[in-house]
Amino acid sequence: MFQVNTARTSTALTFFSARLPLPPGLNHLEREVHRPRVASQQARFRHFHTEANKSLAAASSFYDFGTIVRLRESPFHIPLFAHIKFFYAYMWNVDQIGQDQAIIEATLRYLDLREYPVVELRVQKFVDEQDPHAEIALSCAMRYTAQIG
């Protein structure tokens, strides 16, 4: 698990971080010819959302429940910052199209924050031959937290 600690996000308050399985990419799904494309995409993303919910419910995830509850109860839609790290088995020729959106959607759906816009997204790519996975951290900028607290 990681903490968002970059110069760009040093004023952000990380209220959630978790480790997730890698979602399917859209290019891989479009190359499948033995099944209808739309049905295949929906089935793979449903399977990903099921696996993501299991991972998000794991004890290894970090939650700041106070901030999450205040976000849900706030009359304002606080803009969020998402920092996603992808860990692939190899660096090249990896289908990334749509993976960041699938990670964000699964996480916001799980946290019941679907109406909150992700206005800034930072995506990084790393190699982990033994355990390909993704990690996400969600933050809201400090200048917006005055509206929810």
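**Salt bridges and ring pairs in a predicted model**

The side chains of Arg 109 and Glu 105 come together in a salt bridge, 2.8 Å from N to O, in what is a predicted model.

User: What makes Arg 109 and Glu 105 a salt bridge?

Analyst: The cut-off is 4 Å between a side-chain nitrogen of Lys or Arg and a carboxyl oxygen of Asp or Glu. Arg 109 and Glu 105 come in at 2.8 Å, N to O, so they qualify. Both sit in helix H4 (residues 99-111), 4 residues apart, about one turn of the helix.

User: Why is the pair of Phe 87 and Phe 126 called stacked?

Analyst: Their ring centres are 5.2 Å apart, within the 6.5 Å cut-off, so they pair. The planes meet at 20 degrees, and under 30 counts as stacked, so stacked it is. Phe 87 is in strand S3 (residues 80-88) and Phe 126 in strand S4 (residues 118-127), so the pair ties together parts 39 residues apart in sequence.

User: How do you know whether Phe 87 is buried or exposed?

Analyst: Its relative accessible area is 15%, under the 20% limit, so Phe 87 is buried. Phe 126 has 30%, so it counts as partly exposed.

Note on methods. Residues are numbered from 1 along each chain as its sequence is written. This is a predicted model: local features need pLDDT of at least 70, side-chain atom pairs count only at pLDDT 80 or more; totals for chains, interfaces and linings use all residues. Side-chain values use heavy atoms; hydrogens and water are left out. Rings of Phe, Tyr and Trp (its six-membered ring) pair if their centres lie within 6.5 Å; planes under 30 degrees apart count as stacked, over 60 as edge-to-face and the rest as tilted. Helices (H or I, at least four residues) and strands (E, at least two) are DSSP runs, numbered from the N terminus. Buried means under 20% relative accessible area, exposed over 50%, partly exposed in between (1.4 Å probe, protein chains only).
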